[in-house]
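Q: I have a protein model open and I'd like to learn how to read it. Can you walk me through a few features?

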Amino acid sequence: MRLLPALAALLLAACAASPQAAAPRPENTAMPTPTAPGETPSAPLILVLSLGEHARLPDASQLAYLALINDSRCPPGVQCVWEGNAEIRLRWTPPHGPGKEFSLNTSPMGGKPTTARMGQYEIELQSLDRGIAPQATLRITQTGQ
């Protein structure tokens, strides 16, 4: 009979010590060093977003990865005549005011944008995984404006 209370206490202690049991998944937040007016902008941020995720930027604006529009890139291990292109849809929402949707591409061929300027940030699509819901790696550079 003494074994049951001891086992219960042991299980309770193990659950309390588990970091995954009590810790919720943190919001995806970009954390650069803020710059004051007149200072050189901070180092670029590298942000990885999955489809449907959003991240809060240092100025409290948000960047959301809305959709994969198309992906005509050459599959790995196949020799293609041209590299192809993938396009994703994003939404940038400033701290105050309505959001703005825009697209970024993996290839600049045909004048397609691989970067966009939103508020004080330049957002560049650095890479895009493959698949129906690929992760996007974005480079966020604070422009100082």
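Q: How do S1 and strand S8 pair, and over how many bridges?
A: Strands are DSSP runs (E, at least two residues; helices are H or I, at least four), numbered from the N terminus. Two strands pair if DSSP finds at least two bridges between them. Here S1 and S8 (residues 136-142) run antiparallel, with five bridges. Val-48, for one, has Thr-137 in S8 as its bridge partner. This is a predicted model: local features need pLDDT of at least 70 and side-chain atom pairs 80 or more, while totals for chains, interfaces and linings use all residues. Residues are numbered from 1 along each chain as its sequence is written, and side-chain values use heavy atoms, without hydrogens and water.

Q: Which cysteines does a disulfide join?
A: A disulfide is a covalent bond between the sulfur atoms of two cysteines. The test used is a pair of cysteine sulfur atoms within 2.5 Å, and it gives one disulfide. That one joins Cys-74 to Cys-80, S to S 1.8 Å. The torsion about their S-S bond is about 80°, so the disulfide is right-handed. Cys-74 counts as buried because its relative accessibility is 14%, while Cys-80, at 35%, counts as partly exposed.

How values were computed: Buried means under 20% relative accessible area, exposed over 50%, partly exposed in between (1.4 Å probe, protein chains only).
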